Amino acid sequence: MAMVTRVVAEKPVVIFSKTSCCMCHSIKTLINSFGSNPVVYELDEHPNGQQLEDELKALGCKPSVPVVFIGQQLLGGSNIMSLHLKGELTQLLKSNKETVIQENRKLMDTE
């Protein structure tokens, strides 16, 4: 699980996906519609895609895609739509967008 943990720690919003998955496409479109810029790992195209998929399965992600992490929190995949309908997805994305803005300000202040 080291690889998944490492890539999730690097960015505020991470999506694990497959190019042939229609639910993955819907989730990516939804998250992008909020102005978020997630890092997307297409497991069927990534050189370490099988290892990433195995690690996601070990975390309990079944099916293995789509899987969304926001702020290093595993939110799963299909339940993203439920979070959206409850208005909770917007709040999660906003709070992590603020984190990114604050990190960028810190970087600018140190330059």
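What follows is a walk through the fold, the sheet, the helix faces, the ring pairs and the cysteines of this chain.

The model is predicted, so to speak from sequence to atoms: local features need pLDDT of at least 70, side-chain atom pairs count only at pLDDT 80 or more, and totals for chains, interfaces and linings use all residues. Residues are numbered from 1 along each chain as its sequence is written, and side-chain values use heavy atoms, with hydrogens and water left out.

To begin with the overall layout, the chain comes to five helices and four strands. Helices (H or I, at least four residues) and strands (E, at least two) are DSSP runs, numbered from the N terminus. Read from that end, the elements go α-β-α-β-α-β-β-α-α. Of the 111 residues, 37% count as buried, where buried means under 20% relative accessible area, exposed over 50% and partly exposed in between, with a 1.4 Å probe and protein chains only. Contact here means heavy atoms within 4.5 Å. Among contacts between residues at least 6 apart in sequence, 62% join residues at least 24 apart.

The four strands make an open sheet in the order 2-1-3-4, with mixed pairing; two strands pair if DSSP finds at least two bridges between them. Strand 2 and strand 4 (73–76) sit at the edges with a single partner strand each, so one side of each has no neighbour in the sheet. On average, and ignoring direction, neighbouring strands are turned by 20 degrees against each other. Strand 3 and strand 4 run antiparallel and are joined by three bridges, and Phe69 stands opposite Leu74 in strand 4. Helix 2 (residues 22–33) lies across strand 1, strand 2 and strand 3, and runs at about 160 degrees to strand 1. Axes are lines fitted to C-alpha atoms, for helices over the stretch in contact, and angles run from 0 to 180 degrees between N-to-C directions.

In helix 1, the buried residues are Met3, Val4, Val7 and Val8. Seen down the axis of helix 1, these residues fall within an arc of 125 degrees, so they line one face of the helix; the arc is that of the directions from the helix axis to the C-beta atoms. The face turned away from the buried side of helix 1 carries the exposed residues Ala2 and Thr5. As for partners, the buried residues of helix 1 pack against strand 1, strand 2, helix 3 and strand 3.

Helix 3 (residues 49–58) has Gly49, Leu52, Glu53, Glu55 and Leu56 buried. Down the axis of helix 3, the buried residues fall within an arc of 160 degrees, so they too line one face of the helix. They pack against helix 1 (2–10), strand 1, strand 2 and strand 3. Just after helix 3, Gly60 takes a positive phi of about 100 degrees.

On to the aromatics. Rings of Phe, Tyr and Trp (its six-membered ring) pair if their centres lie within 6.5 Å, with planes under 30 degrees apart counted as stacked, over 60 as edge-to-face and the rest as tilted. By this rule there are two aromatic pairs. Phe16 and Tyr41 are stacked, at 5.5 Å centre to centre with 20 degrees between the planes. Phe16 lies in strand 1 (residues 13–17) and Tyr41 in strand 2 (residues 39–42), so this pair ties together parts that are 25 residues apart in sequence. The rings of Phe16 and Phe69 have centres 6.0 Å apart and planes at 80 degrees, so that pair is edge-to-face. It links strand 1 with strand 3 (residues 67–70), with Phe16 and Phe69 53 residues apart. Phe16 and Tyr41 are buried, as is Phe69. Taken together, the ring pairs link Phe16, Tyr41 and Phe69 into a cluster.

Last, the cysteines. With a disulfide taken as a pair of cysteine sulfur atoms within 2.5 Å, the count comes to zero. Cys21 counts as buried at 18% relative accessibility. Cys22 is in no disulfide, and the nearest cysteine sulfur, that of Cys21, is 5.8 Å away. Cys22 is exposed, with a relative accessible area of 64%. Cys61, in the loop between helix 3 and strand 3, is buried at 7%. Leaving aside neighbours within four places in sequence, Cys61 is in contact with Leu56, Val67 and Leu74. Cys61 and Gly76 are 15 residues apart in sequence and 6.7 Å apart in space, C-alpha to C-alpha.
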